[in-house]
Amino acid sequence: MTTTTVAPPIQRPFRLLPALYRWHRRIGLCAAVAVLVWACSGLSHPIMTRLFPSAVAMQPPASDAAPGGLPLAEAMARAGIAELTGARLIGWQDRPYWQVRRPGEHEWRYVDAADGRLVADGDARYAEMLARHYSGEQAAAVRRATLVTAFDGDYAAINRLLPVWRIEFERPDGLRVYVETAPARLAALMDDRKAVFQALFGLLHRWEWLDGAPLLRRLLMSVLLLSAAGAAGLGLVLAWRRPRGGRGTPLRTWHRRLGLLVLGSTFAFTLSGVFHVWAAPDFDPPLRREARFDTATATVPPQRLALGATLVAIDGRAAWWLPPAPIVAGDEHAAHAGHAMPAGATAAARVLDAASGAVLADGERRLAAVIAAELAGLPLQKLREATPVTRFDGEYGFVSKRLPVLRLSYDLPGRPNAYVEPASGVLAARPQPLARIESAAFSWLHKAQWLDGLGKGPRDTLLGLFALLNGGLAVIGLLLWLRRARRPA
């Protein structure tokens, strides 16, 4: 009887390099188109900040008016206004005016402080003056003036300020200027070309076409970003493990060289992008404290105030908040945000009782603490320190838009901070612990703000160069894949 012996199947050894090449191609193919789109769309941001409308003035317009005229109570009695939610003393047309807002209204009214006469369409006219001041446009007629109370495609949520006026000029480029009238500041400048770039950036870089499905957007973007990081990591291993003396095609050689050159930027862009997708806070409408005032109680003569004085509520009574310092231009982000920044502003703003004019001790600190308590639930008794902030830096970046503010630090777990703008009663920012880390990571890794010492121009040039190189790397990878796919099986 013959016995047949069956040979065991041949075990093919695992070949590491071919497996790594396969996974590098697969993962890279998954992310290549997205990387190319992100790289190209990312270049639109510095283009928008340089080639499109920019402010010719960073400061609110100066006025030769001096505080004077009727006290607020008497001026409001003559204008027939009994109740307010806000009031400011401003200089306009070289005269002092009371800028006031009634309950339930978004527009401010303007009352001549000298005689109590109400100015017709005052807020729109004041907004037009501000728009011409900030944009430098003095000749073109105004096509339309619109009060904007919600963010939209033209005035995105990243601008933060609401309500604002949109002043559209009769110009071929469709220039429109967004201004806030109380306090007076520039919110945004837009023309037709910039609107196209902004829309492309939103669609291609932020994927705003998936705004209706935020979880799906986060998941898809994270998968593609992590795929790009994974392909870069595998590329590094392959470059290290490739056979000595081996020669590839010129396209493959340049792909490898370019990959090694941009490896650090690829990891920085992709990993900080994933963190940003999940941890960055949403741009919600600002939280604003609303108080009601009986105008009869504000009897302090305006001669005791200063232009910019704002009616506030503290300890259950009306008071005047007085601005602390003259206004000068600040750091590079002043131009980006269109804001004036008080120089130094080390002297605290005074807070005066609206009826007696008495200085309220520690008034600004108490006012800011009350605003943070009402809007963010931060306990008054846990407040440790209140520090004036007069420039965008670190935790309080230019994206917050408002200056000057007070940084309130609390003796609570995590040492939370809150940023309050006393002049408007707005909670400007309340960074959460994770958001603080994300903001620092995004600023340093995605925007390369550690290169700020070189200047904004050189920094953006280097960022743009590495974005283009990453896009070029993706293009070469796609060409290699297409060439391989066309080969006979």
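**Entry 1: α2 against α5**

I began with helix α2 (residues 44-51) and helix α5 (residues 192-204), whose axes come within 10 Å and cross at roughly 160 degrees. The axes here are lines fitted to C-alpha atoms, for helices over the stretch in contact, and the angles run from 0 to 180 degrees between N-to-C directions. That angle makes α2 roughly antiparallel to α5; angles under 35 degrees count as roughly parallel, over 145 as roughly antiparallel, 65 to 115 as roughly perpendicular and the rest as oblique. I noted the crossing of α2 past α5 as left-handed, the term for a near helix turned anticlockwise from the far one by less than a right angle, with right-handed for clockwise.

I then listed the residues that make the contact (heavy atoms within 4.5 Å). From α2 they are S44, H45, I47, M48 and L51, and from α5 they are R193, K194, F197, Q198 and F201. Sorted by class, this contact of α2 with α5 has five nonpolar, three polar and two charged residues. For the classes I took Ala, Val, Leu, Ile, Met, Phe, Trp, Tyr, Cys and Pro as nonpolar, Asp, Glu, Lys and Arg as charged, and the others, Gly among them, as polar.

**Entry 2: Ground rules**

The model is predicted: local features need pLDDT of at least 70 and side-chain atom pairs count only at pLDDT 80 or more, while totals for chains, interfaces and linings use all residues. Residues are numbered from 1 along each chain as its sequence is written, and side-chain values use heavy atoms, with hydrogens and water left out.

I counted 11 helices and 19 strands in the chain; these are DSSP runs numbered from the N terminus, H or I of at least four residues for helices and E of at least two for strands. Of the 489 residues, 46% count as buried, where buried means under 20% relative accessible area, exposed over 50% and partly exposed in between (1.4 Å probe, protein chains only). Among contacts in the chain with a separation of 6 or more, 63% come from residues 24 or more positions apart.

**Entry 3: Which residues of α2 are buried?**

I found S44, P46 and M48 buried in α2. The buried residues of α2 pack against α1, α5 and α11, which sent me to α1 and α11 next.

**Entry 4: α1 against α11**

Helix α1 (residues 16-42) and helix α11 (residues 456-485) have axes 8 Å apart and pack at an angle of about 140 degrees. The two are therefore oblique to each other, and the crossing of α1 and α11 is left-handed. On the α1 side I listed R25, L29, A32, V33, V35, L36 and A39; they meet A467, N470, G471, A474, V475, L478, W481 and R484 in α11. By class, I have 11 nonpolar, two polar and two charged residues in the contact of α1 with α11.

**Entry 5: S41**

I looked up S41, also in helix α1. S41 is buried, with a relative accessible area of 5%. For polar contacts I used a pair of N or O atoms within 3.5 Å; within protein, one must be able to donate a hydrogen and the other to accept it, and residues adjacent in sequence count only if both atoms are side-chain atoms. The side chain of S41 reaches the backbone oxygen of V37 at 2.8 Å and the backbone oxygen of W38 at 3.2 Å. Neighbours within four places in sequence aside, S41 is in contact with F201, L204 and H205.

**Entry 6: S135**

S135 lies in helix α4 (residues 122-135) and is buried at 13% relative accessible area. A polar atom of its side chain lies 2.7 Å from the backbone oxygen of A131. The S135 side chain also reaches the backbone nitrogen of E137 at 3.2 Å. Not counting residues up to four places away in sequence, S135 touches V56, F169, L175, V177 and L189.

**Entry 7: R88**

Is R88 buried or exposed? At 10% relative accessibility, R88 counts as buried. I placed R88 in strand β2 (residues 86-92). The side chains of R88 and T310 are joined by a polar contact of 2.8 Å. Leaving aside neighbours within four places in sequence, the contacts of R88 include Y97, W98, Q99, A182 and P183.

**Entry 8: L434**

L434 sits in helix α10 (residues 433-446) and is partly exposed, with a relative accessible area of 49%. I noted that L434 touches F275 and A279, residues up to four places away in sequence not counted.
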